[in-house]
Amino acid sequence: MEPERRARVSACDTPSQSPPGAGCGPDTPRPPAPSSSASRCSRPRQAPSGRPVDFVPDKAEAGDGFGSQLAVFDHDQDGCSDLAVGVPFEDVGMVADAGAVTVLYGSRNGLGQGRAAVHLQQGSGTGALKDRPSTVGDLMGAALAAGTTADDQPYLVIGAPGKNLKGHVNAGLIYYLRGDTSVSVHEDSPGVQGVIGDNHRFGSAVAGSPNHIAVGTPGEVLNNSADVGMVQIMKHQLSTDGVPAPVAGVTQDTDGISDAAEGGDQFGASLAMVPYRPSGAVAATDSILAVGSPGETLWVGTTSFPEAGMVHTLRVTASGTVRTNAMGGTGDTVLTHQPGLNGLPLTGKAFGMAIR
Ligand SMILES: [Ca+2]
Ligand SMILES: [Ca+2]
Ligand SMILES: [Ca+2]
């Protein structure tokens with residue numbers, strides 16, 4: 001990401017803002033991890049209640065949705081955690097609900113008290129973000145994932161599920177930003193599974209670990225049914241096409257995945273991912289992925305409970321293979337509400353609408 005390079009230079013230019021012992025160049029010692037630097041990276045100063053703070057770009061306008069998505073990473077690798085904030089309903093000029101993302105930087109004196117924030121929106125900046133103009137209803141920032149790759153590079157994944165592409169309304173795409181890489185990925189990108197289409201909403205949910213990223217397409221059409229859903233898994237390493245290398249596309253009809261792909265499941269409407277160290281391995285080379293299907297219908301005997309919801313937990317190996325034995329068991333792990341729990345009806349519970 002372009003701002004990262006600028007950020008590192010400016011950190012060297014302003015030593016008073018650099019933590020003691022923290023280097024800025026590639027040959028200097030790495031700053032301590034954020035978890036070990038709590039004393040240097042203070043909690044944010046309290047802003048007066050209800051008043052915008054001056055370090056946040058843009059203005060607070062009705063319906064912005066500022067903060068509807070958050071992701072924490074150390075973008076400038078100074079040892080202080082930085083906060084990416086989704087503003088999916090931000091109007092860009094006269095373009096309604098185009099969306100934006102603001103990155104607020106942590107510092108020794110608190111959030112926003114050091115390096116200036118970076119405001120990301122389509123049609124400006126560099127790379128893929130600059131190449132694609134803001135258009136009505138893109139909802140850029142409706143999903144965010146951020147972290148550090150296994151080879152220690154900060155990354156940011158931004159969903160824009162309302163993006164129209166190739167004549168398809170709300171086809172959706174993601175922006176993937178890491179170092180100098182700034183690319184967009186959608187269902188028609190090389191190697192990505194699924195077929196681009198109206199209201200598929202690729203990028204409605206995104207998740208990442210140091211090894212992989214995952215993108216939800218809850219509106220994917222399968223077997224002529226709408227909103228069945230699909231999840232695309234990629235590696236951080238770029239393919240020869242210059243995008244995060246696609247390694248698997250998963251639906252509820254994929255071998256080893258529980259249940260069946262049905263209309264309305266919305267498999268992939270929510271995602272969460274963590275790194276996983278296989279037994280006997282020296283490093284956490286795999287990932288565990290949780291996938292929400294809030295539209296899933298559950299059956300108890302002959303009684304159906306529409307939109308009860310379901311969550312799958314899947315294991316993704318280093319190569320991107322989705323293993324059938326999550327967490328060392330047999331078959332993936334499926335979570336639902338317990339039928340009849342407390343006598344409450346399951347219908348409409350939408351279990352798995354959000355996962356963290
Ligand atoms: Ca605004
Ligand atoms: Ca930082
Ligand atoms: Ca299903």
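Me: How many helices and strands does the protein have?
Reply: The protein has two helices and 19 strands, where helices (H or I, at least four residues) and strands (E, at least two) are DSSP runs numbered from the N terminus. This is a predicted model, in which local features need pLDDT of at least 70 and side-chain atom pairs count only at pLDDT 80 or more, while totals for chains, interfaces and linings use all residues. Residues are numbered from 1 along each chain as its sequence is written, and chains are lettered from A and ligands numbered from 1 in the order in which they are written.

Me: What share of the residues is buried?
Reply: Of the 356 residues, 48% are buried, a residue being buried if 20 or more other C-beta atoms, placed from the backbone, lie within 10 Å of its own, exposed if 12 or fewer, and partly exposed in between.

Me: And which residues have the most contacts inside the largest nonpolar core?
Reply: Those are Val206 and Leu271, in a core of 72 residues; a nonpolar core is a set of buried Ala, Val, Leu, Ile, Met, Phe, Trp, Tyr and Cys residues joined through C-beta atoms within 7 Å.

Me: Which domains does this core draw on?
Reply: At least three residues come from each of domain 1 (1-43 + 67-118) and domain 2 (142-356), with bounds from an automatic or database domain assignment.
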